[in-house]
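Let's take a walk through a protein model and see which side chains meet up. Have a look at the sequence and the 3D view first, then read on.

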Amino acid sequence: MRTFSRALAFSGIAIGTFVWGACGTDAARQCNAGADCASGACNSDGTCVAVASSTGDSGTTGVTDAQAPSDAHFFEDATAPACASGDAGILTHDDVPLAAGLSATFRIATNETIDTAGTLNADGSRSWDFSGALASDKDQIISTLSPSGTWWTGSFATATYASTLSSTATTLGVFDYGASALSLVGVVSPTSDGVSETKLTYATPIPILSFPLHNGQTWTTTSNVSGTLDGVASFYSEEYDSSVDAIGTVKTPFATFAALRVNTLLTQASVTKTRTYAWVTGCYGTIAKATSASTNTGTAPVENFSQ
């Protein structure tokens, strides 16, 4: 199944594979959601994040946590709220803040025709427009969960947070936010019933994002995966071939962002191959993601796939 997700509402700083943060209600607050603010972002203390100044000042406070309501109005031509980040062409560890307890709303579609290639500009950058509606669109809140108190926490000592890996599955990816990478260290089911639970461990952590992230960067990791999958003992290998293969601007239903495109080819058990594109920006992290259909013939899905 092909899936495609793009940012609809940011209520906190985006992180890694999908992540941001939630905000309570209080009559004394200036805002309870990003839609309440001109900048499109609400701080955890109930104050609005300042709109970026026209002078290019980057010292404004970053977005923290809030969650826009489903009936919020978002300006398609909005500029992303100001956030302290580095060079748009290089994303460091500190440019993509990661933590548990965050959330964001994504608009997700399945089995649609999309344009992952975008438009090639004269300077070699690309422009992608993902703001349009698709027939299968649905809005989904993606959250990062704390390992504390979970049934699996004792098996993943370095875990920073867990988050859903797919809109069509309930399993969670367990991630470690280290100094040089955001790494996948395991896959687990949300709960344990002793019969059909999933708990898979990567012998070698998989760097999903390798810092500093920059155009032209490549990295490959192979790992043995072992544990239980739906209650069945499992052991197999996975190889992740990743590259930052494009730079440009991405228009989402929320705003337009400068971003790097991370192209990852996943090979499972030496045969099954799946290609994923993730568009990553400073402060917000992943603001769009497209996953191809998997092939079982050993042949990789085509580059710049549309279906």
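Start with arginine 261, whose charged end sits over the ring of tyrosine 277, 4.0 Å from the ring's centre. (For a charge to sit over a ring, NZ of Lys or CZ of Arg has to be within 6 Å of the ring centre and within 35 degrees of the ring normal.) Before we go on, note that this is a predicted model, where local features need pLDDT of at least 70 and side-chain atom pairs count only at pLDDT 80 or more, while totals for chains, interfaces and linings use all residues. Residues are numbered from 1 along each chain as its sequence is written, and side-chain values use heavy atoms, leaving out hydrogens and water.

Arginine 261 has another partner: its side chain meets that of aspartate 245 in a salt bridge, 2.9 Å from N to O. (A salt bridge here is a side-chain nitrogen of Lys or Arg within 4 Å of a carboxyl oxygen of Asp or Glu.) The two residues are 16 apart, with arginine 261 in strand E14 and aspartate 245 in strand E13. (Strands, E, are DSSP runs of at least two residues, and helices, H or I, of at least four; both are numbered from the N terminus.) Is arginine 261 buried or exposed? With a relative accessible area of 3%, arginine 261 is buried, whereas aspartate 245, at 29%, is partly exposed. (Buried means under 20% relative accessible area, exposed over 50%, and partly exposed in between, using a 1.4 Å probe and protein chains only.)

Now back to tyrosine 277. Its ring is stacked with that of phenylalanine 305, at 5.4 Å centre to centre and 20° between the planes. (Rings of Phe, Tyr and Trp, the last by its six-membered ring, pair if their centres lie within 6.5 Å; planes under 30 degrees apart are stacked, over 60 edge-to-face, and the rest tilted.) Tyrosine 277 lies in strand E15 and phenylalanine 305 in the segment after strand E16, so the pair ties together parts that are 28 residues apart in sequence. Tyrosine 277 is buried at 0% relative accessible area, and phenylalanine 305 is buried too, at 4%. Ring pairs also join Trp128, Phe130 and Trp279 with these two, Tyr277 and Phe305, in a cluster.

The segment after E16 and strand E15 are linked by charges as well: glutamate 303 and arginine 275 form a salt bridge of 3.5 Å, N to O, and they are 28 residues apart. Here glutamate 303 is partly exposed at 45%, while arginine 275 is buried at 6%.

What about the nonpolar side chains? In soluble globular proteins, these tend to be buried together. The largest nonpolar core in this model has 24 residues, and those touching the most other members are Leu182, Tyr202, Leu209, Leu213, Val262 and Val280. (Such a core is a set of buried Ala, Val, Leu, Ile, Met, Phe, Trp, Tyr and Cys residues joined through side-chain atoms within 4.5 Å.) Among the strands giving it two or more residues are E13, E14 and E15, but the largest share, 4 residues, comes from E10. A second, separate core has 17 residues, including Phe254 and Ile287.
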